[in-house]
Amino acid sequence: MLTVRGLILKEKNIGEISKSVSVITAERGVIDIFIRGGQKSVKNAASTQLFTYSKLCIDEKRTASGQTEYYLNSSELLSSFPNIRLDIKKTALAAYFSELILYTRTEEAGYHDVMRLILNSLYFLDNDKMKMDLLKCVFEFRLPCEIGLRPDLVGCAVCYKYKDDKMHFDFRDNKLYCDECYMTDENSIQAVMDKTLLYTVRFIALSEFEKLFYFRLSERYLRKLTEFTESFIAFNFKSRFRTLEYYKSI
Ligand SMILES: [Zn+2]
């Protein structure tokens, strides 16, 4: 028997009465847990519904092909983020966060920071502690940073200049350039960054979790930041996220 703390990212019905849940855990990364009778039973209902954070006791079984399967034995609710479920826009944003994590899923240890990121994001979403569109930007850029895609933002990739009135982030090679060193061509796909935007992007990539959610941005810069973080996701993940389209349609 194994005990993990996990956040439910997705529920799927299996047959008439059972279900499986995709869960992010610090200990095992993202895993699927099968819950016998999970559609009907009230025993684990509250602690295995979408966007709940729970203590899960699970049995591990090895299949003939060497895969590990997980079966729920018992569970205990730790946090339910109740306000997210009551608000359609919050639900849509949480679903987008889940879809991004599931897209990048790996079953491995060392998921502590992604776990912290999603739990913090849901806490801030649940309690209206950050503007939703800004929270979305923070998550969109910090998630890839936590899974090995953090770009080098220290300075210009050619001359190492730390800042300039105008810098360029090129999405094709994920590098930062100063205005003098940047060579544009007709295929360039770039974000032009002034000092404020660059400062904000660096802050999201590098600041400690304790500080990450404590900043504000004007509407004008929020639009620029959104363009940057959505482009970063689009170029690095190369996938369309239906939950993002839905969130933006509300
Ligand atoms: Zn340069």
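Entry 1
I note that the model I am reading is predicted. I looked up Cys156 and found a relative accessible area of 1%, so Cys156 counts as buried. For Cys159 I found 38%, so Cys159 is partly exposed.

Entry 2. The zinc ion.
Which residues are the protein donors of the zinc ion? I found Cys156, Cys159, Cys178 and Cys181, each through its SG atom, lying 2.3 Å from the ion. I then checked how these donor residues are spaced in sequence, and wrote down C-x2-C-x18-C-x2-C. The angles among the four donor atoms run from 100 to 116°.

Entry 3. The domains.
I looked up the domain assignment of the protein chain, which lists domain 1 as 2–80 and domain 2 as 92–249. Their contact takes 18 residues from domain 1 and 18 residues from domain 2. I noted 30 Å between the two domain centres, taken over C-alpha atoms.

Entry 4. Between the domains.
How much area is buried between domain 1 and domain 2? I wrote down about 1,400 Å², with carbon and sulfur atoms giving 74% of that area. I found a count of one salt bridge between domain 1 and domain 2. I also looked up Asp32 and Arg105, whose side chains meet in a salt bridge at 3.6 Å, N to O. For polar contacts across the interface of domain 1 and domain 2, I noted one residue pair, both residues at pLDDT 80 or more.

Terms used: Residues numbered from 1 in each chain as written. Predicted model: local features only at pLDDT ≥ 70, side-chain atom pairs only at ≥ 80, totals over all residues. Heavy atoms only, no water. Donors = N, O, S within 2.8 Å, 3.2 Å for Na, K, Ca; no water. Tetrahedral: all angles 85-135°; square planar, octahedral: opposite > 155°, others 65-115°. Buried < 20%, exposed > 50% of the residue type's maximum accessible area, 1.4 Å probe, protein only. Domains from an automatic or database assignment. Contact = heavy atoms within 4.5 Å. Buried area = accessible area lost by both parts, 1.4 Å probe. Salt bridge = Lys/Arg side-chain N within 4 Å of Asp/Glu carboxyl O. Polar contact = N/O pair within 3.5 Å; in protein donor to acceptor, adjacent residues only side chain to side chain.
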